[in-house]
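Biologist: Before we use any labels for this chain, I would like to go through some of them and hear what each one rests on.

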Amino acid sequence: MNDRIKVSMVSTDTNIGGAGKCVLMLAGGLDTEKFDVTVILPPKSDLMPELERLGVKTVEADGIADKSYDPAAVRSLRAVFAETSPDIVHAHASFSARIAAKREGIPVVFTRHSAFPPSKIMTIPPIKNILGALNEHYADGIIAVAEAAKQNLVDTGVHPDKIRVILNGTAGYRKYSGGERLSARERYGIPEGNRVVSIVGRVEDYKGQEYFIDAADIVLGSLENVTFMVVGTGSFLEKYKEKARALGRGCDIIFTGFTDDIEGIANITDIIVNESVGTETTSLALLEAMSVGVPVVASDYGGNTKVVRDGVNGIIVAQRDPEATAKAILRLLSDGELYAGMSLAAERIFRGEYTSERMVRETGEYYLEVLRGKEGRAK
């Protein structure tokens with residue numbers, strides 16, 4: 001092995017979501033004295049210019065865009081691995097990369113970024129055994145970004161000892177000055193004196209924005225000086241805009257569409273909401289808001305119950321229950337002492353547990369552990 005460990009990360013993403021942000025933080029944050037990182041991407045991925053800005057080497061591979069498995073992608077990735085000779089491959093949502101690495105004799109780690117309710121057939125033999133055997137054969141190590149993601153894997157046949165939980169982390173945001181916050185509020189047309197409640201993420205049915213809109217309608221029936229923000233884009237955006245208009249809340253609920261101004265939005269948000277009913281592990285949107293002291297209202301799905309200590313840095317509510325969400329929002333907006341305590345706790349918990357530095361350090365240590373294990377078994 002060279003003095004520096006050659007790491008090839010493989011991302012299939014053409015846009016930048018939560019997994020893509022993790023790739024950016026890892027690739028840009030690993031110690032360059034120990035690791036030589038290359039990121040393999042589909043052509044025209046939005047990650048490409050961001051990685052180049054960080055000084056990270058990139059390689060394009062055909063056939064991998066936005067899909068986990070494709071025989072052509074396996075061939076393409078094998079060719080890239082043969083040319084670049086990595087010491088370890090780290091696959092993000094790419095089963096093709098795991099197969100290619102295995103066939104080239106390269107140790108491979110993959111990260112499970114999501115959590116989903118597996119169908120019953122996936123959790124009972126023989127399907128459970130087959131899935132578990134496949135996942136274990138095509139991975140020398142498995143990273144789960146939350147306990148919920150680990151449980152998903154265990155439920156579908158992976159032995160717990162094969163999985164390392166490394167919680168998502170993020171760099172966090174700078175707190176704005178009063179003038180900067182005022183300017184950001186003006187950008188989005190927030191009326192003077194209004195509190196802001198936001199939901200940030202892909203606008204899809206599993207992210208629960210429809211329940212957020214219903215909760216907004218309930219809150220606005222009691223309080224007038226609140227603005228709600230739906231931040232992000234997705235296939236349900238127009239449907240949810242129409243829902244807000246049908247409720248007569250078109251002026252009270254702002255739909256930003258795609259924006260890269262998440263730091264600005266976090267700094268003008270008083271309460272961050274997560275209404276996920278699928279896939280959520282460790283929400284980066286929640287962590288980013290917590291980094292500037294924003295309390296959370298979140299559904300009890302997946303990793304939300306780990307990120308949010310109910311009654312400490314936020315309030316956990318039942319999934320698909322807009323009345324419970326509205327009640328939690330009203331409670332925080334009406335109790336200044338409770339709000340202040342949760343705001344301080346949100347920032348404290350972020351700084352103590354969810355920084356990108358911690359995530360990057362633990363991932364690098366895991367690479368070394370996997371490589372030592374491979375070397376030990378080879379002797």
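Modeller: Let us begin at the surface, keeping in mind that this is a predicted model: Ile121, Ile127, Ile130 and Leu134 together make a nonpolar surface patch of about 330 Å².

Biologist: Why is Leu134 called partly exposed?

Modeller: Leu134, which is placed in helix α5 (residues 127-137), has a relative accessibility of 38%; buried means under 20% and exposed means over 50%, so Leu134 with its 38% falls in between and counts as partly exposed.

Biologist: What makes β3 (57-60) and β7 (163-165) the edge strands?

Modeller: The open sheet has seven strands in the order β3-β2-β1-β4-β5-β6-β7, with parallel pairing, and β3 and β7 each pair on one side only. Neighbouring strands of this sheet are turned by 25° against each other on average, direction ignored.

Biologist: How do you know that strand β2 (residues 35-41) and β3 pair?

Modeller: Pairing requires at least two bridges, and β2 and β3 have four in the parallel sense, so the two strands count as paired. Within β3, Thr58 is the bridge partner of Val39.

Biologist: And what makes strand β9 (residues 226-231) a partner of β10?

Modeller: The reasoning rests again on the cut-off of at least two bridges: four bridges join β9 to β10, and these strands run parallel, with Phe228 standing opposite Ile253 in β10.

Biologist: Why is strand β10 (residues 253-257) described as mostly covered?

Modeller: Buried means under 20% relative accessible area, and four of the five residues of β10 are buried, so the strand is described as mostly covered.

Conventions. Residues numbered from 1 in each chain as written. Predicted model: local features only at pLDDT ≥ 70, side-chain atom pairs only at ≥ 80, totals over all residues. Heavy atoms only, no water. Patch = residues over 30% accessible without salt bridge, like charges linked within 9 Å, V, L, I, M, F, W, Y side chains within 5 Å. Areas by Shrake-Rupley, 256 points an atom, 1.4 Å probe, with all protein chains shown as cover. Salt bridge = Lys/Arg side-chain N within 4 Å of Asp/Glu carboxyl O. Buried < 20%, exposed > 50% of the residue type's maximum accessible area, 1.4 Å probe, protein only. Axes fitted to C-alpha atoms, helices over the stretch in contact; angles between N-to-C directions.
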